[in-house]
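Here are my notes on this model. Please read them with the structure open.

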Amino acid sequence: MNKKFLPLIIGIVIVLIIGGLVFFIGKSKRSEYQMPEGYQVPSTKTSEVTKENVYKIKGLGFKKEAWAEYKIEGYGMRFQGDKKENLVGKILVKFISLPIKGKEYYGIEIDGKEKSSFEGIYFAMLFEKDGTGNYYLIKTKGAPTMCLKEGISGYEDIPEYFDRKSIEEEYKVDLSTWNFVGEEEITLESGKKIKVFKFKSDMGTYGSRELWLSPDVPAYLVLNKETLEGASRSITLTNFGMDGGLPNFTSEDLKSCESGSSGGFPQMPPNLPSEVSRFFCQTDDDCACGVDKETGKCAFGNKNFIDTSRECPDFCTGIAGNIRIKCVNNLCTPQIGR
């Protein structure tokens, strides 16, 4: 070997050794670093399955004046002579905010639109923004607004999937009840394209249920379809928007919440308007539920206005069968109880 090249070779070897040590030490330091316990890498995903076997869908959360329109089929019926006709109607769901007793409450209003089983009736589920208090408002033409501290299960066939979780930034689906089917992009009647997550619940010979949810729309719900013992009913999203969903409830309506009563109508004056007289009663025996003699629609009220020979089971007793029409403060009022 030429001695003139020996120092050069030694220099190259030293550089390689030093470089190798730097790389090894750097790698060792990186491998010693531990991620904080519970840390999750930020993700842009709109859904995930947790260890608790819950499917989480990350959505819009509460956005005041956002709205969603639905077509409802199989909820309620209309009578024409001796024939029964299943109603195909509409409901409008809106995100609203109202002040009650000096606090701001936010939640969902459901308006019964044309041909729905509760056409012309307005419901609101309101939740205290920074607390656990709830209010449930019911308003119909010609009658005073009713303010309750507890919701009425199944009353007027309000779809069960509109509640507090519908206005949260995360919707949780219990996978012990629902099977995740998959996700898909669909087009609504309005032409809007959205991504949906599909779930199904098989109840054997009794029937099945389908549930479609989307992070792109207010309240998440896109489809809820039930097929039970051969009968089918469904709620299907047709359109939605992010503004213009103004409440039908006014400051005058909110006065019914000021008394602190847990429910019921306020005391009525002696001279009753004709519309309110349809609900007037002195005892529970004065009240009935069935079909309105004039409109042919499912209704409750004073028995003189109701044809009880025509049944409306879901409307009158609720899906859970625990609703009764009772006389409260001289007005026929739906109440929970056997």
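1. How many residues does the hairpin use to join β6 to β7? Five. The model is predicted. Strand β6 (residues 121-128) pairs with β7 in the antiparallel sense, over seven bridges. Phenylalanine 127 stands opposite asparagine 134 of β7.

2. Strand β7 (residues 134-140) also pairs with β8 (residues 146-148). These two run antiparallel, with three bridges. Tyrosine 136 has leucine 148 in β8 as its bridge partner. Five of the seven β7 residues are buried, so the strand is largely enclosed by the rest of the structure.

3. The whole structure holds nine aromatic pairs. In one of them, tyrosine 105 and tyrosine 135 have ring centres 5.2 Å apart and planes at 75°, so the pair is edge-to-face. Tyrosine 105 lies in β5 (residues 103-112) and tyrosine 135 in β7, 30 residues apart. Tyrosine 105 is buried at 5% relative accessibility. Tyrosine 135 is buried too, at 5%.

4. Phenylalanine 180 and phenylalanine 199 make a tilted pair: 5.4 Å between centres, 55° between planes. The former sits in β10 (residues 179-187) and the latter in β11 (residues 193-202), so the pair ties together parts 19 residues apart in sequence. Phenylalanine 180 is partly exposed at 35%, whereas phenylalanine 199 is buried at 1%.

5. Two lysines lie over ring faces. Lysine 139 is 5.8 Å from the ring centre of phenylalanine 249. Lysine 198 is 4.2 Å from that of tryptophan 212.

6. Check asparagine 224 in β13 (residues 221-228). Asparagine 224 is buried, at 1% relative accessible area. Its contacts include Tyr75, Arg209, Glu210 and Arg233.

How values were computed: Residues are numbered from 1 along each chain as its sequence is written. This is a predicted model: local features need pLDDT of at least 70, side-chain atom pairs count only at pLDDT 80 or more; totals for chains, interfaces and linings use all residues. Side-chain values use heavy atoms; hydrogens and water are left out. Buried means under 20% relative accessible area, exposed over 50%, partly exposed in between (1.4 Å probe, protein chains only). Helices (H or I, at least four residues) and strands (E, at least two) are DSSP runs, numbered from the N terminus. Two strands pair if DSSP finds at least two bridges between them. Contact means heavy atoms within 4.5 Å. Rings of Phe, Tyr and Trp (its six-membered ring) pair if their centres lie within 6.5 Å; planes under 30 degrees apart count as stacked, over 60 as edge-to-face and the rest as tilted. A charge sits over a ring if NZ of Lys or CZ of Arg is within 6 Å of the ring centre and within 35 degrees of the ring normal. Lists of a residue's contacts leave out its neighbours within four places in sequence.
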